[in-house]
Amino acid sequence: MLTVKNLEVVYNDVILVLRGVSLSVPEGQIVALLGANGAGKTTLLRALSGLLDIHDGEITKGEVRLRDQPIHTFDAPKIVAAGLGQVLEGRRVFSEFTVEENLRVGGHTRRGGLAEGIEEVYELFPVLKERRKNTAGYLSGGEQQMLAMGRALVAQPEILLLDEPSLGLAPRIVAQIKDIIVQINERGTTVLLVEQNATMALSIAQHGYVMEHGKVVMDKPAAELLDDEDIRDFYLGRGDLATSYRDIKHYKRRKRWLS
Amino acid sequence: MTTFLQSVLNGFAQGSIYALLALGYVMIYKATHVISFAQPALMVCGGLFAYHATSVFELPFWPALIVAIIAGALLGMLVERLALRPMVGKPVFTLAIITIGVDIVLRIFANRYMGPDPRSVPYPGGSNRLEFWGLSISHQRLGLIVVTAVTVAALAMFFRYAKTGLAMRATALNQETALAQGIRVGTMFALAWAIAGGLAAIAGTFVAATGAGMEQNTWIIALKALPAIIIGGLDSIPGAVIGGLAVGLVESITAVYQPDVAPWLGNNFALVAPYALMFLVLLVKPYGLFGTKEVERV
């Protein structure tokens with residue numbers, strides 16, 4: 001169980017990016033976090049995983065708790081050790097390393113059992129086993145995404161933060177990634193899924209949050225969000241309103257209430 | 001032919017010193033993207049640690065070498081902690097200038113300790129020489145070559161198989177991603193400096209044991225490692241070794257043949273030869289022989 005209460009994040013001492021975000025990720029669930037570019041999704045993840053520091057960001061208010069233990073004061077290595085893993089946006093595999101070396105780095109915080117951990121990841125991603133000696137930078141986009149996810153899983157996180165795993169992947173690969181996320185979840189890892197691809201995210205999540213301008217503006221079970229008329233308009237792109245550019249003024253006006 | 005082989009052998013021995021120092025530069029550069037100009041001072045201090053261990057604590061050579069490595073590593077960590085850690089995130093140029101300051105400060109302490117006399121570390125077996133195929137090499141130089149080979153092999157194994165070595169390489173590639181895997185980046189920086197300090201101490205100990213001893217101007221030797229890393233590529237470990245050996249070889253071969261072949265180049269051209277080689281390599285391969293192609297300003 002991960003709970004975020006009233007989190008406020010400031011970059012460079014002046015730029016207020018998160019303006020009191022609260023959300024909770026119950027154990028064993030998949031929770032989706034949606035939002036347009038610049039809504040603060042990645043910033044929220046950075047705040048959770050302790051990576052704000054190197055981006056000159058700072059948590060100025062609020063708290064993050066993992067199993068009732070406040071973790072917002074921890075640094076990144078300590079948070080990973082506490083059981084929160086993150087797959088960064090854009091995969092970020094160590095491109096000069098082999099697949100296996102990448103996975104070994106993922107198990108850095110693990111005390112013993114590294115070989116078994118890597119073997120489990122190979123079970124989940126058989127293609128990685130085939131390519132274990134290959135240089136990671138030469139893998140395809142989908143394989144790199146699997147590697148990035150596998151690398152985070154070697155550390156056996158209790159909760160996994162996924163930042164846009166579908167970014168830049170072909171629809172068929174996205175479907176594959178989606179199945180893998182479900183599989184990871186079924187193996188007992190709680191998932192917080194940040195996505196632009198709302199259809200994909202909401203189809204596997206139990207609960208969804210929508211962020212805009214550094215705030216959570218909507219918070220509903222995923223099924224209800226999928227049916228929500230506004231969400232369909234703004235995020236799923238299959239509503240009746242936004243189909244014509246003639247209605248663009250109307251679209252903007254309607255969107256304003258959300259923020 | 002014997003003359004040639006003899007000069008190659010001497011070149012290898014001298015090149016081993018350069019290779020050890022060059023490895024230190026590469027270690028720090030890879031981890032922090034800073035060229036550390038403090039390596040000469042670390043070498044001098046390492047040599048003096050060994051001198052102190054042999055003359056004051058009266059240890060034999062090999063234990064003294066171990067003491068020097070440990071003390072050199074600690075000194076490296078101390079430099080990182082006090083002078084460089086507070087500057088994390090500042091432009092690398094600033095950091096490079098700070099290392100020049102560190103170099104001067106450390107050398108002042110070292111010079112105070114040394115005084116005007118050369119300090120040398122006694123090597124077991126004194127000036128015995130090994131003779132084979134008409135060649136001859138002193139035991140110190142042979143020891144130096146063996147120690148360098150073992151050190152390089154150990155480092156290569158460390159970076160390939162050890163968890164910490166892998167974490168250091170990961171940090172060098174991408175700090176944020178390394179952090180997200182739970183790697184303590186600051187510790188990795190400290191470790192890079194510790195390894196660089198230890199390597200410099202090995203070089204310093206052998207400089208004090210083989211040549212005329214450690215003197216106030218011996219630090220200049222360490223500057224020869226700069227052409228070595230530029231020849232090999234700033235961020236390549238094999239490059240540092242090959243670059244170091246290449247500089248040693250070129251120097252010793254030039255010293256033997258240049259006075260006969262090209263006397264018009266004048267006396268002591270051997271001292272310039274490594275820089276000439278560096279110049280040639282830079283013309284052909286601007287990133288060094290094994291360096292990563294990337295625009296880096298230092």
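Two residues are taken to be in contact if their C-beta atoms, placed from the backbone, lie within 7 Å. The model is predicted, and local features need pLDDT of at least 70, side-chain atom pairs count only at pLDDT 80 or more, and totals for chains, interfaces and linings use all residues. Residues are numbered from 1 along each chain as its sequence is written, and chains are lettered from A and ligands numbered from 1 in the order in which they are written.

Chain B contains 11 helices and two strands, where helices (H or I, at least four residues) and strands (E, at least two) are DSSP runs numbered from the N terminus. The order of these elements from the N terminus is α-α-α-α-β-β-α-α-α-α-α-α-α. The radius of gyration of chain B, 19 Å, is close to the 19 Å given by the globule rule for 298 residues, so the chain is as compact as a globular protein of that length; the radius is taken over C-alpha atoms, and the rule is 2.2 Å times the number of residues to the power 0.38. The C-alpha trace of chain B spans about 60 × 50 × 35 Å along its principal axes. Of the 298 residues of chain B, 51% are buried (20 or more other C-beta atoms within 10 Å of the residue's own, these atoms being placed from the backbone; 12 or fewer is exposed, and in between is partly exposed). Among contacts in chain B between residues at least 6 apart in sequence, 74% join residues at least 24 apart.

Helix α9 of chain B is mostly covered, with eight of its eight residues buried. The elements covering the buried residues of α9(B) include α1, α2 (39–55), α10 (237–261) and α11 (273–284) of chain B. B:Ile229 is placed in this helix and is buried, with 30 other C-beta atoms within 10 Å. Apart from neighbours within four places in sequence, B:Ile229 is in contact with B:Ala22, B:Tyr25, B:Val26, B:Leu234, B:Ala240 and B:Gly243. Between B:Ile229 and B:Leu245, 16 residues apart in sequence, the C-alpha to C-alpha distance is 11 Å. Just after α9(B), B:Gly233 has a positive phi of about 105°.

Helices α1 (residues 2–32) and α9 (residues 225–232) of chain B pack at an angle of about 65°, their axes 9 Å apart; axes are lines fitted to C-alpha atoms, for helices over the stretch in contact, and angles run from 0 to 180 degrees between N-to-C directions. α1(B) is therefore roughly perpendicular to α9(B) (angles of 65 to 115 degrees; under 35 is roughly parallel, over 145 roughly antiparallel, and the rest oblique). The residues of α1(B) that meet α9(B) include B:Tyr18, B:Leu21 and B:Tyr25. By class, this contact has nine nonpolar, one polar and no charged residues, with Ala, Val, Leu, Ile, Met, Phe, Trp, Tyr, Cys and Pro counted as nonpolar, Asp, Glu, Lys and Arg as charged, and the others, Gly among them, as polar.

Helices α5 (residues 139–161) and α8 (residues 185–210) of chain B pack at about 170° with their axes 10 Å apart, and are therefore roughly antiparallel. The contact of α5(B) with α8(B) comprises five nonpolar, three polar and one charged residue.

Towards chain A, 15 residues of chain B are in contact with 20 residues of chain A. On the chain B side, α6 (163–173) and α7 (175–180) are the elements that give two or more residues. This side has seven nonpolar, five polar and three charged residues.
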